[in-house]
Amino acid sequence: HMKILVILNPVSGGTSNDKAVLRIHEQAVQTASDFKFVYTTGVDDDKRVQLEIKNYKPDLVIAGGGDGTIQLAARNLVRKKIPMAILPLGSANGLATALGFSQNPVDAVDAIFKSTTTRPLDMLKFNQRYACIHLGDIGVNAHMVKE
């Protein structure tokens, strides 16, 4: 059976993500998949994600949140042969929108579980530290959305 690690930002988008979480549970049961959730807190998220990937050894990682959560998941999957699915739960969902993914969380979960294709995704790295997969800003866009 498939092992799925879900990295979820519980405060993405400023609305409840309960429907998406419930749908992941339903789909995992229907597909006889094992799953584990890691909720981001903003404190040591990279370490916790790396530990879960190492110990749980998932076949798939679902990044549920906005562009920041997707970036967190992606940078911890670099050079690993583990596909990442995007569950858009943020305010703007820039990358998911650019890739043409559904903005409806339940539909997005269904699409993840039905999908059989993957595609490579480029990642920029600068100053040997910062990774970017969609857009890089200094938080102005997030601040505008918040206000």
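Buried means under 20% relative accessible area, exposed means over 50%, and partly exposed lies in between, with a 1.4 Å probe and protein chains only. This is a predicted model, in which local features need pLDDT of at least 70, side-chain atom pairs count only at pLDDT 80 or more, and totals for chains, interfaces and linings use all residues. Residues are numbered from 1 along each chain as its sequence is written, and side-chain values use heavy atoms, with hydrogens and water left out.

**View 1. An open sheet of four strands.** The strand order is β2-β1-β3-β4, and the pairing is parallel. β2 and β4 (84-88) are the edge strands, each pairing on one side only. Neighbouring strands of this sheet are turned by 20 degrees against each other on average, direction ignored. Strands (E, at least two residues) and helices (H or I, at least four) are DSSP runs, numbered from the N terminus. Two strands pair if DSSP finds at least two bridges between them. Axes are lines fitted to C-alpha atoms, for helices over the stretch in contact; angles run from 0 to 180 degrees between N-to-C directions.

**View 2. Strand β1 and its partners.** Five of the six residues of β1 (residues 3-8) are buried, so this strand is largely enclosed by the rest of the structure. Six bridges pair β1 with β2 (residues 34-39) in the parallel sense. Ile7 has Val38 of β2 as its bridge partner. Leu8 is bridged to Tyr39, also in β2. Five bridges link β1 to β3 (residues 60-65), again running parallel. Here Ile4 stands opposite Leu60.

**View 3. Helices across the strands.** β1, helix α1 (residues 18-30) and β2 make a right-handed β-α-β unit. Right-handed means that, with the strands pointing away from the viewer, the path from the first strand over the helix to the second runs clockwise. α1 lies across β1, β2 and β4, at about 160 degrees to β2. Helix α2 (residues 45-56) lies across β1 and β2, at about 165 degrees to β2.

**View 4. Gln27 in helix α1.** Gln27 belongs to α1. Is this residue buried or exposed? Gln27 counts as buried, at 7% relative accessibility. Contact means heavy atoms within 4.5 Å. Leaving out residues up to four places away in sequence, Gln27 touches Val109, Asp110 and Phe113.

**View 5. The salt bridge between Lys36 and Glu52.** A salt bridge is a side-chain nitrogen of Lys or Arg within 4 Å of a carboxyl oxygen of Asp or Glu. The whole structure holds five salt bridges. In the one between Lys36 and Glu52, the closest N and O atoms are 2.9 Å apart. Lys36 lies in β2 and Glu52 in α2, so the pair ties together parts that are 16 residues apart in sequence. Lys36 is partly exposed, with a relative accessible area of 33%.

View 6. Asp45 and Arg48 form a salt bridge at 2.8 Å, N to O. Both residues lie in α2, three residues apart, about one turn of the helix. Asp45 is buried at 13% relative accessibility, whereas Arg48 is partly exposed at 30%. Asp46 and Arg75 also meet in a salt bridge, 2.8 Å from N to O. Asp46 lies in α2 and Arg75 in helix α3 (residues 67-75), so this pair ties together parts that are 29 residues apart in sequence. Asp46 is partly exposed at 26%, and Arg75 is partly exposed at 31%.
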